Amino acid sequence: MTWPGSFRRQETTHVRLLTVLGLTVLTLVVTFFLPPVADSQLAGGAAITIVILGLSWLIGWSGQISLGNSGFMAVGAYAAGIWAHHHTASPLIFTFLLATVVGGISGLIVAIPSTRLRGPYLAGMTLAFAAAITPLAQNFTSVTGGEGGLFFNTLTTPAWFLHFFSGANASINANAQWTADLAVVIAGFMFFLMANLFHSRSGRAMRLVRDNDVAAELMGINLSRTRTLAFVVAAAFAGLGGSLFAIINATVRPESFPLTLSITLLTLMVLGGIGTLSGAVIGGIIYSFSANLVSHVNSLTGVNPTSNLGANMQGIIFGVLLILTMLFAPRGIAGLIQRIRSFIYSRS
Amino acid sequence: MTDTNTRRITLELADVTVRFGGLLALNDVSFRVHENEIVGLIGPNGAGKTTAFNVVCGFQKPTSGTVSFPSIGRGALKPSQLAKAGVARTLQGVGLFRQLTILENVMAGAQSRPGGHIGASILGMPSGLKVERSLRDEAMFHLERLGITKFAAALPGGVPYGIAKKVSIARALMAKPQLLMLDEPASGLDEKELAEFVGLIGELRQTMSVLLVEHNMDFVMQLVDNLVVLNFGQVIAIGTPSDISTNPDVLAAYLGID
Ligand SMILES: Nc1ncnc2c1ncn2[C@@H]1O[C@H](COP(=O)(O)OP(=O)(O)OP(=O)(O)O)[C@@H](O)[C@H]1O
Ligand SMILES: [Mg+2]
C-alpha cells in the first residue's frame with residue numbers, strides 16, 4: 001500500500017528526536033557567541049516558549065481559550081520558589097518537576113468548573129483565576145514573602161563549564177550562558193514532548209472535540225475528561241515555564257506574572273502561528289528580543305521610554321503586530337513560512 | 001422474517017416514552033433489532049425517528065421505558081460508551097471532523113480502542129506508534145474497500161458529498177460495531193451510489209445488525225428485513241416491507257401527511 005507522503009513524515013519518533021536535538025545543539029552553539037545580556041534574554045524566551053507550547057495545545061488543539069496562563073506560570077514559579085527557599089540543597093530537576101506537577105494540579109482545579117464553559121465565559125473564568133493570584137501572593141506573606149517576594153539562588157554554574165571562559169568577565173559570561181543553555185535544553189525537551197503529543201491519539205482526541213463534539217462523543221471520547229486533560233497539560237507546561245522564569249531571575253514576586261502577561265502570551269502565540277510547534281519557538285524568540293525592539297522603536301520615534309507612552313510601547317507594538325498578522329498571515333509566521341516553502345517547491 | 005424469534009437480540013426498546021414539555025415525541029415505543037438483521041425506521045417528518053436514535057445513543061434520556069443491548073450484555077449506554085460496546089452511529093448529514101484529513105477522520109473511529117495511552121505517547125514510546133500505525137493501515141483498508149483511498153489526504157470540505165458519506169461509514173466501521181446505526185444514509189446520493197450502498201450493507205450484515213432511518217422508500221424497501229413505522233411518536237406498524245406496503249394504517253399516515 002502506498003501512503004501520501006505527508007503521513008509518513010509525522011510518524012517516526014526518531015526523526016522528531018533528531019530534529020529537536022539538532023535545533024537544540026544549534027541554539028547552544030549560538031549562545032556561545034551571544035553577549036551575556038542576549039543570553040539572559042534568550043533564557044527568558046526559552047521559558048516563554050514552553051508556556052506557549054502549552055497554550056497552543058490548549059487553544060489550537062483543544063479549542064478552549066485561556067487568559068489564565070500567567071496565573072499557571074505564577075503557581076509554578078511560587079511552587080519552585082517556596083520549595084527552593086526552604087530546601088536550598090534540593091536538586092534542580094526536582095524543583096522543576098514539582099513546579100510542573102503543581103502547575104498541572106492548578107490546571108485541574110481551574111478546569112473542573114470550566115469544562116462546561118465556552119468562549120467568553122471560559123475566558124472570563126480563566127482571567128479571574130489569573131487575577132486572583134497576585135492578591136493571594138501579596139497576602140500570604142509568611143509563605144510567599146508578600147510584596148517583596150522570595151529570593152532563591154538555585155543555579156550554580158558547574159566548575160567544568162567555567163573552564164571554557166577566561167578574561168575579566170569570565171564568571172558573568174559563564175553564568176549567563178549556563179542559564180541560557182539550561183533553559184534551551186529544557187525547552188528543547190518540552191518541545192519534543194509536545195511534538196509527540198500533537199501526533200498522538202490524545203492529540204487527535206483534542207482535535208475531535210474541537211471540531212465536532214457530538215461526533216467526538218460517538219467515537220467514545222469523554223468530553224469533559226478530554227477538555228480537562230487539555231488544561232492540565234497546558235498548565236503543567238506553564239508551571240514549568242514559570243518556574244524556569246523565576247529560577248532564571250532568582251526571584252519571584254507578586255508582580256512577576258501580571259495579567260498583561262497572559263495577553264502577551266496569546267499575542268506571541270498568534271504571531272508565531274496558533275497550534276504549531278514552530279510557532280511557539282517563533283513566539284519565544286520574539287519575546288526574547290522584544291526589549292530591544294521596544295527601545296529601537298522608542299528611539300526611532302523619539303518617545304521618552306520613561307513616559308507613559310514609552311512605558312506601554314511593548315503593548316502597542318504587539319498590538320500592531322497582532323493586527324497585521326491577523327490581516328495578512330492568519331496562521332502566523334509559521335503559516336507564512338509554510339506558504340513560502342510550498343510556493344518555492346511548486347515552482348521548482 | 002419468521003426466524004427472528006430464534007435469533008439473539010442486539011437492541012431492544014421497551015415502552016420508551018419521551019416527552020418534550022407537552023409534546024409526546026415518543027409514546028410507548030417498543031421494537032427489537034436482532035443479530036444480522038437490517039431494520040428500517042420510517043415515518044413522516046416529526047414522527048420521532050431521530051428522537052428514537054437519540055434515546056438509543058444516550059443523547060436523550062427517556063421519560064419512561066428502557067433501552068438495552070441484550071446480545072452485548074449492556075443496558076442503556078452513555079454516548080461515549082457506545083463505541084467501546086460495539087455500537088456505531090452516523091449522524092444526519094455528514095458529521096465529519098472539518099480540520100482532520102479523511103484518513104484521520106476514519107482513524108478516529110477507533111479512538112476508543114485500548115492502547116495509545118497518553119503517558120506512552122508523550123514520551124514517544126514505540127508502543128503508541130505501533131498502535132497508531134496499525135490504526136492507519138486499518139483505516140486505509142476501509143477506504144480501499146469503499147474505493148476512496150485517493151481522498152485519504154484531503155479535508156472533508158474538499159470532497160464530494162457522496163464521498164463524505166462513505167467516509168462517515170468507514171469511520172463507523174472502524175469501531176467494529178455489532179450494531180450500526182445510520183441516520184438518513186441515502187440522502188444526497190445518486191442512483192449509482194445508492195446501488196453500491198445496497199451492496200455494501202448486504203455485505204456488512206454478515207457481521208453486524210443495522211438500524212437505519214430513511215426517507216427514500218424505494219431504497220429502504222429493497223434493503224431492509226423489517227420496518228418499524230412511526231407516526232406522531234407511536235409505532236403504527238412493524239413488519240416486512242411487503243406487509244408494510246399494504247398496511248392500511250401506514251398508507252393512511254403517509255397519505256394523510258402528503
Ligand atoms: N429537543 C427537543 N425539544 C423539543 N422538541 C423536540 C426536541 N427534539 C425533537 N422535538 C420534537 O419531537 C418531535 C419528533 O422529532 P424528531 O426529530 O424525532 O422527528 P423525525 O422523525 O426525526 O423527523 P424528520 O423526518 O423531520 O427528521 C418533533 O415534533 C420535534 O419538533
Ligand atoms: Mg430526523
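Is A:F328 buried or exposed? The model is a predicted one.

1. A:F328 is exposed, because its relative accessible area is 59% and the cut-off for exposed is over 50%. The residue sits in helix α17 of chain A. A:F328 also belongs to a nonpolar surface patch of about 690 Å², which it makes up together with A:L309, A:I316, A:V320, A:I323, A:L324 and A:L327. Helix α17 (residues 313–328) of chain A gives the patch its largest share, six residues.

2. Chain A and chain B form an interface in which 33 residues of chain A are in contact with 44 residues of chain B. About 3500 Å² is buried between the two chains, and carbon and sulfur atoms account for 61% of that area. On the chain B side, B:F97, B:Q111 and B:I122 lose the most area to chain A; together they make up 19% of what that side buries.

3. Three salt bridges are found across the interface of chain B and chain A. One pairing is A:R201 with B:E132, where the closest N and O atoms are 3.8 Å apart.

4. Over all chains, the search of the whole structure gives 15 salt bridges. B:R145 and B:E203 form a salt bridge, with 3.5 Å between the closest N and O atoms. B:R145 lies in helix α5 (residues 126–145) of chain B and B:E203 in helix α7 (residues 191–204) of chain B, so this pair ties together parts that are 58 residues apart in sequence. B:R145 is partly exposed, at 37% relative accessibility, and B:E203 is partly exposed as well, at 45%.

5. B:K166 is in helix α6 (residues 161–173) of chain B, and the pair links distant parts of the chain, 30 residues apart. B:E196 is partly exposed, with a relative accessible area of 35%.

6. The side chain of B:E196 meets that of B:K192 in a salt bridge as well, at 3.3 Å from N to O. Both residues lie in helix α7 of chain B, four residues apart, about one turn of the helix. An α-helix has 3.6 residues a turn, so residues three or four places apart point the same way. B:K192 counts as exposed, at 59% relative accessibility. Elsewhere, salt bridges with shared partners join A:R201, A:R204 and B:E132 into one network.

7. Strand β3 (residues 38–42) of chain B is largely enclosed by the rest of the structure, because five of its five residues are buried. Both faces are covered: B:I38, B:G40 and B:I42 are buried on one side, B:V39 and B:L41 on the other. The strand pairs in the parallel sense with strand β7 (residues 209–213) of chain B over four bridges, and B:G40 has B:L212 as its bridge partner there. β3(B) also pairs in the parallel sense with strand β8 (residues 226–231) of chain B, over four bridges; in β8(B), the partner of B:G40 is B:L227.

8. Helix α1 (residues 49–57) of chain B is likewise largely enclosed by the rest of the structure, because seven of its nine residues are buried. The buried residues are B:K49, B:T51, B:A52, B:F53, B:V55, B:V56 and B:C57. Just after the helix, B:G58 has a positive phi of about 80°.

Note on methods:
Residues numbered from 1 in each chain as written. Chains lettered and ligands numbered in written order. Predicted model: local features only at pLDDT ≥ 70, side-chain atom pairs only at ≥ 80, totals over all residues. Heavy atoms only, no water. Buried < 20%, exposed > 50% of the residue type's maximum accessible area, 1.4 Å probe, protein only. Helix = DSSP H or I, 4+ residues; strand = E, 2+ residues; numbered from the N terminus. Pairing = 2+ DSSP bridges. Patch = residues over 30% accessible without salt bridge, like charges linked within 9 Å, V, L, I, M, F, W, Y side chains within 5 Å. Areas by Shrake-Rupley, 256 points an atom, 1.4 Å probe, with all protein chains shown as cover. Salt bridge = Lys/Arg side-chain N within 4 Å of Asp/Glu carboxyl O. Contact = heavy atoms within 4.5 Å. Buried area = accessible area lost by both parts, 1.4 Å probe.
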